[in-house]
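Subject: Structure for your review

Dear colleague,

Please find below the structure that I am handing over to you. My notes on it follow directly after.

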Amino acid sequence: MLSFLKSAAALVLLLVLYSPQAAAQSKPLANPPKSGKRKPLPAKSPETVTLVGAGDIASCRNLEGARATAALIDKIPGTVFAAGDLAYEKGTPAEFQNCYGPTWGRFKDRTRPTLGNHEYGLPGPANAYFRYWGSQAGQAGKGYYSYDLGAWHIIALNTNCAAEGVGGCAAGSPQETWLKEDLAAHPNVCLLAYGHHALFSSGIFKSHAVHPELKVLWQDLYAAHADLILAGHEHSYERFAPQDPDGRSDPQNGIREIVVGTGGRSHDLLGIPLPNSELRDWSSYGVLKLALAPGQYTWEFIPAADGAFHDSGSGTCHNKPPQ
């Protein structure tokens, strides 16, 4: 009996060893893995990022416009630019707390602001503004700074050139010197700048609309091949074709300026269009949404619920990103 059991066990073992499955498992791999380090995966390219905003926003006299534009940004993720005149009439602590706060203040953590003239409504260097924003607004008293957003370099300017603490915007001024150094430190990238006042605008009152004191800053940005400049101050929307700092059309190397003072304060009529002005509207509140991708961008003006005006388009960067 013991002999029979041993013979049966040997037979079972032979069947297992020579079954088709075992034979398949025992075959060597046709392409065995190579020893050594794995080849690193290629680095991811920067993704498309969103920059959205406007200027001339919250008036304590009537918050309906600011509420309407804030409702738009509620639905748009991304970084918010606030292009000056954020809390009317004088940029007081109470106006920031009670008027800007309940509307665009909902996005404070993702907002990168810049100063308008109404932020200087009280004596001193816009103290309430800098207390409200803290380090988000750059160095206290100066208000100009820069940051990177995806593949883009973004520059927030203080266009209140004559305001206390700014030191002017002329060649050699503190802000102009800083701008040159900042641009030199960021070569071969797409460039966007924003501030409150515009060098070009078709506003009716030219002393309010057009600000030649910004020309030197424009010259620096143009020399660095900047792509876009955004502004407010005129409570309207106006898009310009690419142009040089002298206002000459320059499709190849010019800067596209978009004035978007449509944050909700009020509406300003526009006058006779300046050269290179492509599109204008003074009837709708709304926000400008920019999709910034490596080497290119798109823009879209999104009107508030009761607005009918719309604008959109696309462009490519002057500076080629590094390969």
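C161 and C169 are joined by a disulfide, with an S to S distance of 2.0 Å. Please bear in mind that the model is a predicted one. The torsion about the S-S bond of C161 and C169 is about -95°, so this disulfide is left-handed. Both of its cysteines, C161 and C169, are buried.

A search of the whole structure finds three disulfides. Counting the bonded cysteines along the protein chain, the pattern of pairing is 1-2, 3-4, 5-6.

A further disulfide links C190 to C317, with S to S at 2.1 Å. Because the torsion about its S-S bond is about 110°, the disulfide of C190 and C317 is right-handed. C190 belongs to strand β8, whereas C317 sits in the segment after β15 (311-316), so the pair ties together parts that are 127 residues apart in sequence. Buried means under 20% relative accessible area; C190, at 2% relative accessibility, therefore counts as buried, and C317 counts as buried at 11%.

C60 and C99 also form a disulfide, and their sulfur atoms are 1.7 Å apart. The link of C60 and C99 is right-handed, with 115° about the S-S bond. This pair connects distant parts of the chain, 39 residues apart: C60 is in the loop between β2 and α3 (64-74), and C99 is in helix α4. At 38% relative accessibility C60 counts as partly exposed, while C99 counts as buried at 5%.

Which residues of helix α4 (residues 93-100) are buried? They are E95, F96, C99 and Y100. These residues lie on the same side of α4, because they cover an arc of only 105° around the axis. As a general point, an α-helix has 3.6 residues a turn, so residues three or four places apart point the same way. The buried residues of α4 pack against the strands β2 (58-59), β3 (79-83), β4 (87-88) and β5 (111-114), and also against helix α5 (127-133).

I204, F205, L269 and W282 make a nonpolar surface patch of about 450 Å². Of these residues, I204 is located in the loop between β8 (190-194) and α7 (206-209). I204 counts as partly exposed because its relative accessibility is 44%.

With kind regards

Methods
Residues numbered from 1 in each chain as written. Predicted model: local features only at pLDDT ≥ 70, side-chain atom pairs only at ≥ 80, totals over all residues. Heavy atoms only, no water. Patch = residues over 30% accessible without salt bridge, like charges linked within 9 Å, V, L, I, M, F, W, Y side chains within 5 Å. Areas by Shrake-Rupley, 256 points an atom, 1.4 Å probe, with all protein chains shown as cover. Salt bridge = Lys/Arg side-chain N within 4 Å of Asp/Glu carboxyl O. Helix = DSSP H or I, 4+ residues; strand = E, 2+ residues; numbered from the N terminus. Buried < 20%, exposed > 50% of the residue type's maximum accessible area, 1.4 Å probe, protein only. Arc of directions from axis to C-beta. Contact = heavy atoms within 4.5 Å. Disulfide = S-S within 2.5 Å.
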